[in-house]
Amino acid sequence: MVMVLSEFLPYPLISLLAGAMVVLFAGVLEERLGQGRTKEALSVIFIALALIGCLILYKDVTSQPLGVMVLSIGAEPPLGACFEIDLLSVFMTFSVVFLGLFAVVYSFRYMEHDTRLAEYYSLLLLMMAGMVGVALAGDFFTFFIFWELMCISSYVLVAFRRELWGPIEAGFKYLTMSALGGVLIFLGMSLLYGMAGNVNFAYMSVGIDWGTAGVWAYLAFILLFLGFGIKAAIVPMHTWLPDAHPEAPSPISAMLSGIVIETGLYGLVRILFVVFLPNAVLLPRGPETFKYVVAVFSVLTMTIGNIMALLQKDIKRLLAYSSIAQVGYMLVGVASGTTYGLLGCFLHVFNHSLMKGLAFLASGAMVYRIGTRNLDEMKGLGHYMPVTTMALAISLLGLGGVPSTNGFVSKFILFGSALAPGVNMWWLTLIGVLNSAFSMAYYLPIIIRLITKPAEKSSELKEAPILMLIPMCIMAILIIVFGIYPRPVLQLADSASKALIEGLQGYISKVIP
Amino acid sequence: MLAIHVYLTAVLFLSLIGLYSMAFKRNMIRILLGLEIILNAANLSFIAFSARFTGQVDLLGQSIVVMSIVLGGCVVAIGLSMVLNAYKHYKTLDVRELRRLKW
């Protein structure tokens, strides 16, 4: 048995968890001593360390036989909790940490007028640690603990400005719906536990007697789909998202839209492709059922997301609805069920984290200057904030899928995957492309409104602070770079999706000798 | 020992009670109670299944439940603190009053 009994957690996780503690103490100490900038500097350092840890993890995983690394804590699986790390986990970890770095740098100026900043940075690091843990988990127990860590810190972050009515309402709504999602996942997990005898992913993949499972397997799938669907904002479980994302502080909106909802999608994909789909042939009408369920929800999600986004006057609310639509596009890749489709799905997760992160950061910079989120009052803002407007325009064009941005690359792969022989869901491609074209109907008016001539001259408005501009510019450049030269990310996402489908036997045999 | 169906029926009813409470109650604290009831239904389900396989009780299911009780406590604590903020702001616990966002 090739087992690594480790005293350490995976490196990115150590760095983020330790960072959360250190930043909290440094911040509290700082408040006693007067103002300082230690906590901000420390959080950037710890996230940078996590990024380095991510690279080390990548090297470790690729050097392992079968490309899977198992770290177990306390005891060996199935009894002990374990991290089972393949390239897909590394890819998700990298996306989380990468976006987190930008969000934290941006927070320096954006959050400077708020109090309780020590808690803010600490919770942000904890939320990232939760997502990293979810991505690395090898059994449902570990998965659920980190899932709740992510959720609990994000509830507090959404309702961070507790003296305003918006965050209070949105926070409570987010909490009730998302916690319900967590509980449904837990209920579904208990059914899988009842069928398999333990909660390790690999054991669940081979240990369930699917011949007799029948209805119970479908019930477990429904519960898990509802639970992950609430977190991933799949229509009709999306209603918390358009409230929670606009009301959160902008860097948090960027994190939530950019990567937290995709973590829900990751959970769904992991369960679907490790536990359900490999055994679906044993269920009555199994493979078609799973694929068509995902396909139908994909159509619903992108269509309703786009239509609702068209009706919005609030820029952050519009972007929140556009996130729902983008999750719908990602589900196209999941519905196709092939390596190529998953490549598109995870490439779009990374690209979307850049694009939607940038869109929220840039619109946050405008809100920071003019103090309103209403699109009508943003008319002519491009003349005062040219760099921010440029960045926002690039991100919106990317979200619409214009060629030479990275959004085009991943959408091309996503919609192509549904046409592949053996998948044969041409209607999904058709609806997807139509939706993608339709979405320009609300991206372009924003750009037009920003660059039209302002009605009256105002001398008070000026460009966003430099510390906000730096992350925004880097992200805008990356969007273009990965649109013209997508190879590095494409290769990473390719090996990640291959690890999930073709590497499944290795994934299982690493735990079960 | 009772058959597993008895426990699973209880799980079903507890979940339905919890969902009803979350969907139709107006008091914010009752909504959180509904959440806690569904979580306890899931816990009961784990406990029931943990006595199913071997002759003795499976430790894994039990330890998961202990952990989930802790996590459920955290979620409800955060929820109650939000209720407190909402109460300070609106002077009511009626969730229908929180309608300025489009629910």
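Q: How many other C-beta atoms lie within 10 Å of Arg116(A)?
A: Arg116(A) has 14 other C-beta atoms within 10 Å, so Arg116(A) is partly exposed. A residue is buried if 20 or more other C-beta atoms lie within 10 Å of its own, exposed if 12 or fewer, and partly exposed in between, with C-beta atoms placed from the backbone.

Q: What kind of model is this, and how does the numbering run?
A: This is a predicted model, in which local features need pLDDT of at least 70 and side-chain atom pairs count only at pLDDT 80 or more, while totals for chains, interfaces and linings use all residues. Residues are numbered from 1 along each chain as its sequence is written, and chains are lettered from A and ligands numbered from 1 in the order in which they are written.

Q: What ipTM and pTM does the model score?
A: The scores are ipTM 0.95 and pTM 0.95. For chain B, the average pLDDT is 89, and 91% of the residues score at least 70; pLDDT is the predictor's confidence in each residue, from 0 to 100.

Q: Back to Arg116(A): where is its place?
A: Arg116(A) is in the loop between H3 and H4 of chain A. Helices (H or I, at least four residues) and strands (E, at least two) are DSSP runs, numbered from the N terminus. The phi of Arg116(A) is near 55°, which is positive in a residue other than glycine.

Q: And Ala233(A), what is its phi?
A: The phi of Ala233(A) is near 60°, again a positive value in a residue other than glycine. Ala233(A) lies in the loop between H9 and H10 of chain A. Ala233(A) counts as buried because 30 C-beta neighbours fall inside 10 Å.

Q: Which peptide bond is cis?
A: The bond from Val235(A) to Pro236(A) is cis, with omega near 10°. Pro236(A) is found in the loop between helix H9 (215-232) and helix H10 (241-247) of chain A.

Q: Changing topic: how many residues does H2 of chain A have?
A: Helix H2 (residues 38-63) of chain A has 26 residues. From its first C-alpha to its last, H2(A) reaches 37 Å, close to the 38 Å expected at 1.5 Å a residue; the expected span is 1.5 Å times one less than the number of residues.

Q: Which residues in H2(A) are buried?
A: Among them are Phe46(A), Ile47(A), Ala50(A), Gly53(A), Cys54(A), Leu57(A) and Val61(A). The buried residues of H2(A) are covered by elements including helix H1 (11-33), strand E2 (69-73), strand E3 (81-85), H3 and helix H4 (117-136) of chain A.

Q: At roughly what angle do the axes of H3 and H19 of chain A cross?
A: The axes of helix H3 (residues 87-110) and helix H19 (residues 487-501) of chain A cross at roughly 135° and come within 7 Å. Axes are lines fitted to C-alpha atoms, for helices over the stretch in contact, and angles run from 0 to 180 degrees between N-to-C directions. H3(A) and H19(A) are therefore oblique to each other: angles under 35 degrees count as roughly parallel, over 145 as roughly antiparallel, 65 to 115 as roughly perpendicular and the rest as oblique.

Q: Which residues in H3(A) meet H19(A)?
A: Leu87(A), Leu88(A) and Phe91(A) do so, and their partners in H19(A) include Leu492(A), Ala496(A) and Leu500(A). Contact requires the C-beta atoms of two residues, placed from the backbone, to lie within 7 Å. The contact of H3(A) with H19(A) has eight nonpolar residues, one polar and no charged. Ala, Val, Leu, Ile, Met, Phe, Trp, Tyr, Cys and Pro count as nonpolar, Asp, Glu, Lys and Arg as charged, and the others, Gly among them, as polar.

Q: What does Val156(A) touch?
A: Val156(A) touches Leu123(A) and Ile78(B), not counting residues up to four places away in sequence. Val156(A) is in helix H5 (residues 140-158) of chain A and is buried, as 20 other C-beta atoms lie within 10 Å.

Q: How many residues does each chain bring to the contact between A and B?
A: Chain B gives 32 residues and chain A gives 31. On the side of chain B that touches chain A, helix H1 (4-24), helix H2 (28-50) and helix H3 (59-90) of chain B each supply at least two residues. H3(B) has the largest share, 14 residues. By class, that side of chain B has 23 nonpolar, seven polar and two charged residues.
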